[in-house]
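Welcome! Here is a short briefing to read alongside the model, with the overall fold ahead of the details.

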Amino acid sequence: METTATAPTDRALAIKKKKALDASFFKKGIAIAALSSIMYALYTAFVTGGQLFGVWGNWFGALASTSLVVVFILPTIASGINDTLSAIWATLVTLKQGKIADLGRCIASKPGRIVILAAFIGGPIASAAYVIALSQAGTLAVPIAALNPAIGAILSRILYKQPLGPRVITGIVICVIAGVMIGSTGLTGEAAPGMALGLGLALLAALCWGIEGCVGGYATCMIDSQIAINIRQLVSGIGNLIIVLPILTLVCGGTLAQSYTYVAQAFTDGSSVIFFAVSGAAAYLSFMSWYRANAMCGTALGMAINGTYTFTAPFATWIILGLVMGFDGYALAPIAWVAAIVNLIGIFLIAVNPMDLLKKDGE
């Protein structure tokens with residue numbers, strides 16, 4: 001009788017502990033997703049700041065702002081240096097965790113090859129486009145680049161026939177409205193000459209990241225997240241400097257010797273490379289935290305919280321470069337801040353059903 005009487009109590013206690021453990025795990029996932037947003041903001045601020053010091057200041061000071069070298073080559077080099085240093089950080093962590101052999105095996109596997117393909121699209125192509133966009137449009141490019149959840153939702157409908165309900169469609173429309181609001185700032189007489197190009201490349205980055213999310217999601221379900229991030233950053237760094245940079249150099253009519261002279265000087269410039277070391281570490285931590293958060297609190301909520309970088313990235317850049325270091329041009333117009341918040345609302349609606357959160361609160 002005693003066993004029968006205590007069994008339900010023990011079961012209820014076990015269920016209660018399980019719910020408490022799940023809630024703690026869920027909350028930790030939310031905190032890690034917020035960390036991902038903060039790290040992405042620091043990546044944006046420091047990869048931008050790295051192009052303001054040392055040899056970078058000399059290059060931008062000596063060349064016209066409309067020069068193809070300034071518009072395409074130097075930002076691509078900045079992106080390549082950032083991603084290469086990010087890959088080094090990721091590889092050091094892989095070594096410390098004793099997973100370096102797994103890295104080699106995964107690269108040779110089918111899921112690894114899918115990650116490589118997704119990483120090339122979302123890595124060298126998207127990151128180069130993003131950094132070029134930052135150089136041309138400033139932090140106005142950030143909310144445009146953050147349209148990738150909306151693009152990912154549309155691509156999922158096309159590629160995987162996933163339904164787009166009224167909530168998701170509403171979120172996409174809100175994101176588009178935010179993009180129009182941001183783009184409208186480029187219609188004023190004070191707009192920088194490269195504003196349109198910058199916003200266009202930010203949209204290209206969003207498209208590439210949306211594709212990466214759709215294509216790479218399948219493979220990363222079968223690969224350790226640390227290994228997947230390591231592969232991604234290696235592909236992005238090498239792809240930027242070995243593939244994207246030579247192509248852009250030839251298209252712009254330059255010489256490979258000159259481009260790689262820039263690369264060598266940038267890697268050995270002590271006053272600026274420290275910025276790229278910090279931005280590379282922040283980029284690695286951002287992607288790593290994003291993957292972990294998605295596993296802990298769900299991809300939808302993790303994506304929504306990570307999407308707050310539409311606000312945190314311009315804010316961090318303004319604080320670090322504008323207020324702390326005294327550089328002009330990093331304060332955003334009020335409409336840009338409003339658009340960033342509107343964009344965040346759209347991302348949240350795409351990723352999360354608010355009714356589900358209300359149900360959880362009521363449980």
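**Overall picture**

In this protein, residues 24 or more positions apart account for 85% of the contacts with a separation of 6 or more, a contact being heavy atoms within 4.5 Å. This is a predicted model, where local features need pLDDT of at least 70, side-chain atom pairs count only at pLDDT 80 or more, and totals for chains, interfaces and linings use all residues. Residues are numbered from 1 along each chain as its sequence is written, and side-chain values use heavy atoms, with hydrogens and water left out.

- The secondary structure comes to 16 helices and 0 strands (DSSP runs numbered from the N terminus: H or I of at least four residues for helices, E of at least two for strands).
- Of the 363 residues, 48% count as buried, meaning under 20% relative accessible area with a 1.4 Å probe, protein chains only.

- Leaving aside neighbours within four places in sequence, Tyr-130 is in contact with Tyr-40, Tyr-43, Thr-44, Val-142, Ala-145, Ala-205 and Trp-209.

**H5 against H10**

- Residues meeting across this pair include Val-115, Ile-116 and Ala-119 in H5, and Ala-228, Ile-231 and Arg-232 in H10.

Definitions and conventions
Buried means under 20% relative accessible area, exposed over 50%, partly exposed in between (1.4 Å probe, protein chains only).
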